[in-house]
Amino acid sequence: MDIAIVGAGPVGGTLALAIADADLSVVAFDTRERGATLRGDRSLAISHGARLIFDRLGIFPRLAAIPGAVTAIDSVDISQAGGFGVTTLRAAEAGVPALGYVVSYRALQSAIDAELARTQTQVRFASTVTRVSGMPMHALVTTSEGDAVEAKLAVVADGTGTAVDGVTRERRDYGQVALIAKITTEAPHAGAAYERFTPSGPVALLPEHGEYGLVWTMSPSAAQRALELPDAEFLNELHQHFGKRRNDFLGVRERKTFPLALEFARPIAASHCVLIGNAAQSLHPIAGQGFNLGLRDAFELAQAIKRAPSETIGDRAMLARYAAGRSLDRYAGIAFTHGLARLFALDAAIFRWPRGLGLALLDALPPAKRAFTRTMLFGLT
Ligand SMILES: Cc1cc2nc3c(=O)[nH]c(=O)nc-3n(C[C@H](O)[C@H](O)[C@H](O)COP(=O)(O)OP(=O)(O)OC[C@H]3O[C@@H](n4cnc5c(N)ncnc54)[C@H](O)[C@@H]3O)c2cc1C
């Protein structure tokens, strides 16, 4: 086997599609049953750059044809509570049809599965990989049924990267949780997203079909309280934190929380193995960068695989080149998200002032704003 992909989720599935036209033998393993989705309730914010990748692979037209599966983000309003400075990023100013899109994870997974079914790639559903070991000449991928598959390159895209020999994961707990929920508003969203920095943590509202997806970062105790509040009180608190930026909240449903941590694999490549997507790094959701970074991992790895002469696939030099090529985008994504999470977690007035100045300057200086928007859309490549 040339390539074994562990996890045919959004990132592993994208890689499989991106190499499907190469003359390679490829197998992908996924714990999911055929037709099932791991995170049916999740929505993903994808950048314009990610859309371009999905366009090339034929996934975006499939997605766009599913009613309600894709919502375009036309503007992002960034502000902070209790401090001055507001900036609005607009698609027209960035010269793109939309700044990004909110996509249903379930619809994305089914579009990827459907496209993959049209290729020669073998997808083994209901098959869990328990171990990935790098050998001198190949990788060995072992499943819970006891099958062992040899491949020139094992690509781990299982979202956690736990089963790889020789790779450790670093974890920084933010001591905060994200509260997520669906919010209805009186006025339609008109494609407007909001990112607001409040004393309890950043709050994002992402337009999603006919409502908003809320991601609100707070301490675990505040989140427990917010989960238990009656709907009207919850919406009132959201309004208090949101100030004048948005004040027409009508309803809330599906409140839940998850802990926030930064996790990254070190190194991302070992003998004949490489990690991509959330298996390589999972980021704080503050800037919606995690999935976009993972997609760029998949796309760049596909190019590296297709460029490599067959006998060099998965060898040390090929993986070192790939890892070096991803290093700036990856560490910038980690540092940018981590820095933003830390910067906006500090609420002393002394920090609020420079933050406000930063936001105001961003709004006043078109080249800086364009550079910021570009980074959000395409990463630092
Ligand atoms: C609550 C929450 C909200 C988020 N919201 C956003 C957002 O708005 N925007 C954004 O960009 N990102 C968001 N993220 C991050 C986003 O979910 C991930 O970036 C994305 O899911 C990563 O895709 P992936 O394919 O790497 O991993 P996953 O989505 O985790 O997929 C992994 C796949 O591997 C399979 N698998 C797992 N283990 C094995 C195994 N041992 N053997 C075989 N198969 C296996 C699974 O069945 C699955 O199909 C969010 C994350 C969380 C936790």
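# Reading the sheets and the ligand shell

Guide: Let's start with an open sheet of six strands, in the order 8-2-1-12-19-18, with mixed pairing. Strand 8 (122-124) and strand 18 (269-270) are at its edges, each with a single partner strand, so one side of each has no neighbour in the sheet. Strands here are DSSP runs (E, at least two residues), and helices are runs of H or I with at least four, numbered from the N terminus. Two strands pair if DSSP finds at least two bridges between them.

Visitor: What kind of model is this, and how are residues numbered?

Guide: This is a predicted model, where local features need pLDDT of at least 70, side-chain atom pairs count only at pLDDT 80 or more, and totals for chains, interfaces and linings use all residues. Residues are numbered from 1 along each chain as its sequence is written, and side-chain values use heavy atoms, leaving out hydrogens and water.

Visitor: How many bridges join strand 1 to strand 2?

Guide: Strand 1 (residues 3-6) and strand 2 (residues 26-29) run parallel, joined by four bridges. Take Ala-4: its bridge partner in strand 2 is Val-27.

Visitor: In what order do the eight strands of the other open sheet come?

Guide: Their order is 6-5-14-15-16-13-17-20, and the pairing is mixed. Strand 6 (86-90) and strand 20 (281-282) form the edges with a single partner strand each, so one side of each lacks a neighbour in the sheet. Inside that order, strand 13 (residues 168-185) pairs with strand 17 (residues 249-266) in the antiparallel sense over 15 bridges. Arg-172 is opposite Leu-262 in strand 17.

Visitor: Now the ligand. Which residues come nearest?

Guide: A residue is near a molecule if one of its heavy atoms lies within 4 Å of it. There are 27 residues around the ligand, and Asp-30, Arg-39, Arg-42, Tyr-105 and Phe-258 come nearest. Strand 3 (43-47) is one of the elements that supply at least two shell residues, and strand 3 gives the most, with three.
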